[in-house]
Amino acid sequence: MGRRTLARGAASIVGAGCTEFSRRAGRTELQLACESISAALDDADLAAADVDGIVSYTVDPVEETELVRSVGFEEVNFSARIPYGGGGSVGVLQHAAAAVASGAAEVVVAYRAIRARSGASRFGSAKTAPSPTSGHSGTTAMQWCMPFGVLTPASWMALNSVRYMHEFGVESADFGRAVVQLREYAATNPAAWGFQNPITLDEHQESRWIVEPCIHLLDCCQETDGSVALVITGSQRAADLPHTPVRIGTASTAGLFEQEIASDHYRPDLSVMDGTMALGRRLFEDAGFSRDDIDVALIYDAFSPILLMQLEGLGFCGFGEAKDFIADGSLALDGSLPTNTNGGLIGEGYIHGLNLVLEAVRQLRGTAVNQVADARTAVISASRTGAILTLD
Amino acid sequence: MAADAPTRPSPTVTDDSAVFWDAAAEGRLVAQRCAGCGRLRHPPRPMCPACSSLEVEIAELSGQGTLYSYAILHHPQHPAFEYPVIAALVDLEEGIRLLSCLTDVSKDDVRIGMPVHAHFVPTADGPLIPVFRPTEDS
């Protein structure tokens with residue numbers, strides 16, 4: 001008997017909403033969340049009073065009680081928060097779908113509101129404030145990094161990236177070719193930070209080092225202010241709502257022994273993302289989907305090296321082969337696996353991963369700015385949480 | 001404060017992590033060893049994941065290891081550190097991995113697999129912490 005997986009297609013995404021993505025929202029995370037949730041409910045043709053479940057990230061600053069009394073939810077019967085920072089971003093779909101499938105809730109709102117750029121502390125800044133535990137984001141281990149000057153997400157992830165480069169002969173330009181593709185997508189996306197601003201590989205290579213020899217400035221996502229919200233309900237009810245339901249074909253989490261999140265430094269072989277290998281096994285083999293059925297991929301790209309490593313971990317190419325897969329144009333609209341068609345977190349902006357779910361919904365609805373023809377099935381990976389969305 | 005006084009922040013010590021930092025403060029590199037099954041573990045934690053024992057011994061470590069990975073940190077810069085910081089993952093000969101940083105080496109001479117060994121440097125509030133330098137004549 002195979003491993004247990006979420007009931008296939010039991011829940012669907014029926015509404016999606018967002019604010020603008022900017023560098024200075026000029027309003028609180030609570031207001032941003034209210035705006036995106038309200039937009040998502042309008043999109044679903046549902047009312048606040050229909051909502052009985054709410055899901056977000058442990059690190060989201062918006063309190064449920066404040067959200068309820070602002071948006072006007074009448075009775076919340078289920079709420080959950082997902083740990084693992086951005087690595088948990090797709091986990092909101094797993095929890096929402098599980099709540100719907102179990103009967104714990106009928107209509108669930110999933111949201112993330114963030115002021116990563118203009119908030120009290122820029123997301124990527126060098127911080128030494130004591131934080132032995134950190135909101136259950138999976139970064140308790142930061143205490144083991146801070147005294148040594150390892151203070152930022154880029155520095156935590158770089159230790160894995162350098163081992164990856166060493167093991168497989170990957171070079172900075174290999175990451176750069178992925179970034180050029182992401183920025184090409186972003187250039188035609190009016191919502192993107194990189195709108196009308198594509199880059200060349202030379203510009204990538206000439207941008208300053210953040211972490212040598214793996215992360216140039218242009219390998220980094222952009223700290224962003226904004227919010228994304230999604231509305232999830234049972235697929236039966238979804239059929240009566242205005243949009244074609246985007247079914248949650250499967251959604252899963254894979255966390256391995258001693259695996260951390262950005263600070264994943266203790267697994268034996270850091271040249272592979274073995275947590276993502278486990279995630280891929282759960283999404284494809286266990287849930288009965290084929291990689292050949294994927295029309296579009298959305299892959300968490302806070303920094304470009306983890307995009308390549310996830311492509312390999314998910315099984316879209318062999319280990320060490322993502323650089324060739326990308327050089328062959330696979331990530332482009334006419335490639336074998338159009339990927340991060342909104343520009344990704346690097347090109348569009350960093351709503352902590354939830355804007356990748358938004359893009360998956362738009363692709364399957366046929367409303368993306370860089371639309372994949374006849375897209376029917378999408379995979380979303382945030383390295384340790386992921387989902388397959390489908391129209392079938 | 002003297003211009004050359006150490007500025008790097010002292011570790012944040014919790015009840016679970018004190019075993020490591022308290023020894024380091026005295027210039028000793030240690031790890032927890034499970035009193036039930038003998039397994040070494042780092043970072044420290046209350047229970048052995050192999051046998052569920054709550055009993056621990058303190059194992060003194062040699063400080064000898066090899067460089068598993070590194071990262072040369074240029075930006076953003078924090079005033080407590082000198083840049084570039086060379087962050088390091090060191091696989092110790094006893095079989096556990098430590099995150100630390102390298103000293104006494106040019107960034108261009110850093111190689112994965114190079115032998116390194118621990119020495120101790122002071123932090124702003126006084127306690128020593130273990131950092132690594134290349135082992136000579138390796």
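Reader: What makes Gln205(A) part of a helix?

Author: Gln205(A) sits in helix α6, residues 201-206 of chain A. Helices (H or I, at least four residues) and strands (E, at least two) are DSSP runs, numbered from the N terminus. This is a predicted model, where local features need pLDDT of at least 70 and side-chain atom pairs count only at pLDDT 80 or more, while totals for chains, interfaces and linings use all residues. Residues are numbered from 1 along each chain as its sequence is written, chains are lettered from A and ligands numbered from 1 in the order written, and side-chain values use heavy atoms, without hydrogens and water.

Reader: Why is Gln205(A) called partly exposed?

Author: Its relative accessible area is 32%. Buried means under 20%, exposed over 50%, partly exposed in between (1.4 Å probe, protein chains only). So 32% makes Gln205(A) partly exposed.

Reader: Why is Ser381(A) called buried?

Author: Its relative accessible area is 1%, so Ser381(A) counts as buried. Ser381(A) lies in strand β10, residues 377-381 of chain A.

Reader: How do you know that Ser381(A) touches Val90(A)?

Author: Contact means heavy atoms within 4.5 Å. Not counting residues up to four places away in sequence, Ser381(A) touches several residues, among them Val90(A), Thr276(A) and Tyr300(A).

Reader: What makes a nonpolar core?

Author: A nonpolar core is a set of buried Ala, Val, Leu, Ile, Met, Phe, Trp, Tyr and Cys residues joined through side-chain atoms within 4.5 Å. The largest has 146 residues. Ile248(A) is among those with the most contacts inside it. Helix α4 (residues 153-168) of chain A gives the most to this core, with eight residues.
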